[in-house]
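Subject: Structure for your review

Dear colleague,

Please find below the structure that I am handing over to you, together with its sequence.

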Amino acid sequence: MTALKSEIADLKSQIHFKAMIKVGITGGIGSGKSTVAKVFEVLGIPVYYADDAAKRLMNDDKELKQKIQLQFGEAVYKDGQLDRKFLADIVFNDPGKLQLLNALVHPATLQDAEKWMHQQSTPYAIKEAALIFESGAHEELDYVIGVYAPAPLRIQRAMQRDKISREEVMARMNKQIDETIKMRLCDFVITNDEQELLIPQVTALHQKLSAK
Ligand code: ATP
C-alpha cells in the first residue's frame, strides 16, 4: 500500500497541469477595447465581456437583485426587470451611490468571470472590462492588455457611436482613471490610433500568449 501511495505521488509530480492563462483587456471610453477583443475572438480566443455580464447578472442573479433592491428600493425593478434609467438617475450624479452599486455588482461579476474562465479550454481566455484596476479584477488575472488611443480620437469615436455630445463624453471620461496611468499598469499595450496597424499587433500578442 505504501509502495502504491509513493507510486501515485511520483506520478502526480510528473504531471504538470498547465493552468489556463487569464488575460484582461482594458482601456478608456472609445479606446477600442471591444474592437480589439473581437479580433481575439476571430483568432479563436473566448472573451468575457464584463459590461454585458454585469447587465445580465443585475437581471438574473437572485442574490444580487435582492441586494440592489435593498439599497436602491423595490422600484428599481419593474416586472422583475431592472429599470436601468431609474437606477442611472440615482447613481449618475451621486458618486457615493455609484460606489455603492459598484460594490455590489463588481464582486458578483468577478465571481461569474472566474467561473466562466474555469470553463474555457483554450491556452488563454480574455476578460474585457473598462474597470479592471478599479474593480480589483486585475488581481485575478495573469496579464492585462491596455488598449490605447489618444483622447481626441476617443472623444470623437464615443460621440459618433453613442450619438452624444462632447460634454457628455468628457463627463464619462473624467470619471475614469487617467489613461497614461492605466497604460503603465498594463503588461502589454495595443495602440489603436488608426495610424499603427491593429491586426498585426493583436496577432503578435496572440502568438506570445499562446506560447506561454
Ligand atoms: P467603451 O468603453 O466606450 O464601450 P470601447 O473601448 O469598447 O468603448 P469600441 O466600442 O471598441 O471601444 O470602439 C469605439 C468606437 O470606435 C466603435 O464605434 C468602433 O467601431 C470604433 N473604432 C474602434 N477602433 C477603431 C479603429 N481602429 N478604426 C475605426 N474605428 C474604430
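The notes below go from the whole chain to the sheet and then to single residues.

This is a predicted model, in which local features need pLDDT of at least 70 and side-chain atom pairs count only at pLDDT 80 or more, while totals for chains, interfaces and linings use all residues. Residues are numbered from 1 along each chain as its sequence is written, and side-chain values use heavy atoms, with hydrogens and water left out.

Overall picture

The protein chain contains 10 helices and seven strands. These elements are DSSP runs numbered from the N terminus, helices being H or I with at least four residues and strands being E with at least two. Along the principal axes, the C-alpha atoms fill a box of roughly 70 × 50 × 30 Å.

Of the 212 residues, 43% count as buried. Buried here means under 20% relative accessible area, exposed means over 50%, and partly exposed lies in between (1.4 Å probe, protein chains only). The accessible surface comes to about 12700 Å², and 54% of it belongs to carbon and sulfur atoms. These areas come from the Shrake-Rupley method with a 1.4 Å probe; for residues, only the protein chains shown count as cover.

A contact is defined by heavy atoms within 4.5 Å. Among contacts between residues at least 6 apart in sequence, 71% join residues at least 24 apart.

Five strands form an open, parallel sheet in the order 2-5-1-6-7. Two strands are taken to pair if DSSP finds at least two bridges between them. Strand 2 (47-49) and strand 7 (188-191) stand at the edges with a single partner strand each, so one side of each is left without a neighbour in the sheet. From one strand to the next, the twist averages 25°. For angles, axes are lines fitted to C-alpha atoms, for helices over the stretch in contact, and the values run from 0 to 180 degrees between N-to-C directions.

Strand 1 is joined to strand 5 by five bridges and to strand 6 by four, the latter pairing also being parallel. Six of the six residues of strand 1 are buried, so this strand is largely enclosed by the rest of the structure. Ile21, Val23 and Ile25 point one way from strand 1, whereas Lys22, Gly24 and Thr26 point the other way. In a regular strand the side chains alternate between the two faces of the sheet. Val23 has Ile126 of strand 5 as its bridge partner, and Ile25 has Ile145 of strand 6.

Strand 5 (residues 124-128) also runs parallel to strand 2, with three bridges between them. In that pairing, Ile126 is the bridge partner of Val47.

Helices on the sheet

Helix 3 (residues 50-60) lies across strand 2 and strand 5, and runs at about 55° to strand 2. Helix 10 (residues 198-210) packs on the sheet and touches strand 1 (21-26), strand 5, strand 6 (143-148) and strand 7. The direction of helix 10 makes about 160° with that of strand 7.

Gln201 belongs to helix 10 and is buried, with a relative accessible area of 16%. Not counting residues up to four places away in sequence, Gln201 touches Val189, Ile190, Thr191 and Glu196.

Individual residues

Glu114 is located in helix 6 (residues 95-118). Leaving aside neighbours within four places in sequence, Glu114 is in contact with Lys22 and Glu140. Glu114 and Leu141 are 27 residues apart in sequence, with 9.5 Å between their C-alpha atoms.

Gly136, in the loop between strand 5 and strand 6, is buried at 17% relative accessible area. The C-alpha atoms of Gly136 and His106 are separated by 8.6 Å, although these residues are 30 apart along the chain.

Two residues other than glycine have a positive phi. Asp79 has a phi near 50°; this residue sits in the loop between strand 3 (77-78) and strand 4 (81-82) and is exposed, with a relative accessible area of 82%. Lys163 has a phi of about 50°, lies in the loop between helix 7 (151-162) and helix 8 (166-173), and counts as exposed at 71% relative accessibility.

Yours sincerely
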